Amino acid sequence: MSEAGLLVSTRKGLIIGRSSNERSQWEWSELQRSGWIVDYSMHDARTGKIWCAANHWQWGPRLHYSTDWGESWQEAGTPSFADGERSVESIWMVEPGGVEGSLYAGIMPGALFHSADDGQTWAEVTSLTEHPYSEYWVPGAAGMMFHHICVDPNDPQRVIVGGSSTGVFASYDGGQTWEPRNRGIRSDHLPPDMQEMAPCIHSLIAHPLQRGRLWQQTHFGQYRSDDDGQTWVDVGTDLPGEFGFPTAIDPRDPDACYFVPHDSDQARMPYGASLAVYRTRDAGDTWERLSNGLPQAEFFQTVYRHALGQDSCDPLGVYFGSSGGELYGSSDAGDSWNLLREHLAPVTAVRAWALSDTDSH
């Protein structure tokens, strides 16, 4: 029988969850990579590997992978700059490329790296770092980094990336050249003639079924694109506010999307300290407030940019973690929620998927 898998990255390590397809009960691993700040983790369906991007106060940023569900870990290569003048401060995301052995990594300070040998060696994608718009990239409160990488599963040459204080860029030749895709994104921190240069992107997802359909959350709103980011439409008018970090989708429905709005970029907590996830099923025309099972008072926590995720089960599973170490899950597309774990360290990322029978052993 198929299973669901769940990776919960925290500031103290990684927790791995497994469940039946009903997702009513979860089995949890011990804390993996204990003592490391795990910024991101993902399951590569091509190889079955679990990848962990972590940072340590003594050893710095490292990439580790496991082929046996965390029973053992191996260290992969670590991205590094060839010029010797810059240093990798952290690895914010690792994403499978479209061909065997291909991996991308988004790092801080703002750069993209690529590996052609399954993470053993890495090279900076200098065509992006040297784009003329890079002179306008200025670190924000959390720094400057590429934290979202979207690789088309049907066209590995199509890669779309987004980052804090960098904006959105699209490539159709596997990263040799890049086109900025920021028209229509409001950037209140930039003067009118620079609105498209370096918006502060918080999250970015390309839908796997509908080419051109992108969703993003920025510092100043929620947006949808139907043409690969050549133009963006503000879809946040039915939401309680414009600020937030994470985005999730339904991989079977291009018109469905999930956001967690925050009350402001100062307090960074749910409106009225009442926790809710918002869902659209009509491409952003209207939004539903989903709060059944979530705390509705005195919730003063944040949901970070990678801490909202979905699986590919039917019905859809949606999961998120908080800066207070709570993990919530829904097995009915968000209609109701359950507290899955508590007393974790601050949750930095949540990623889930449906496992095939061959992956579940």
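**Entry 1: the model.** I kept in mind from the start that this is a predicted model. I looked up the secondary structure and found one helix and 28 strands in the chain.

**Entry 2: overall dimensions.** I wanted to know how the radius of gyration fits the chain length. For 361 residues, a compact globule would come out near 21 Å, and the chain has 19 Å, which agrees. I also took the box along the principal axes, and the C-alpha atoms fill roughly 50 × 45 × 40 Å.

**Entry 3: inside and surface.** I checked burial next: 59% of the 361 residues count as buried.

**Entry 4: contacts along the sequence.** I took the contacts with a separation of 6 or more, and residues 24 or more positions apart account for 49% of them.

**Entry 5: charges.** I noted 24 positive and 49 negative side chains. I then looked up the centres of the two sets, which lie 2 Å apart.

**Entry 6: His-306.** Where does His-306 sit? I found it in the loop between strand 23 (288–290) and strand 24 (308–310). Is His-306 buried or exposed? His-306 counts as buried because its relative accessibility is 1%, and the cut-off for buried is under 20%.

**Entry 7: the surroundings of His-306.** I left aside the neighbours within four places in sequence and listed the rest.

Conventions:
Residues numbered from 1 in each chain as written. Predicted model: local features only at pLDDT ≥ 70, side-chain atom pairs only at ≥ 80, totals over all residues. Heavy atoms only, no water. Helix = DSSP H or I, 4+ residues; strand = E, 2+ residues; numbered from the N terminus. Rg over C-alpha atoms; globule rule 2.2 N^0.38 Å. Buried < 20%, exposed > 50% of the residue type's maximum accessible area, 1.4 Å probe, protein only. Contact = heavy atoms within 4.5 Å. Lys, Arg positive; Asp, Glu negative; His and termini not counted. Charge placed at Lys NZ, Arg CZ, Asp CG, Glu CD.
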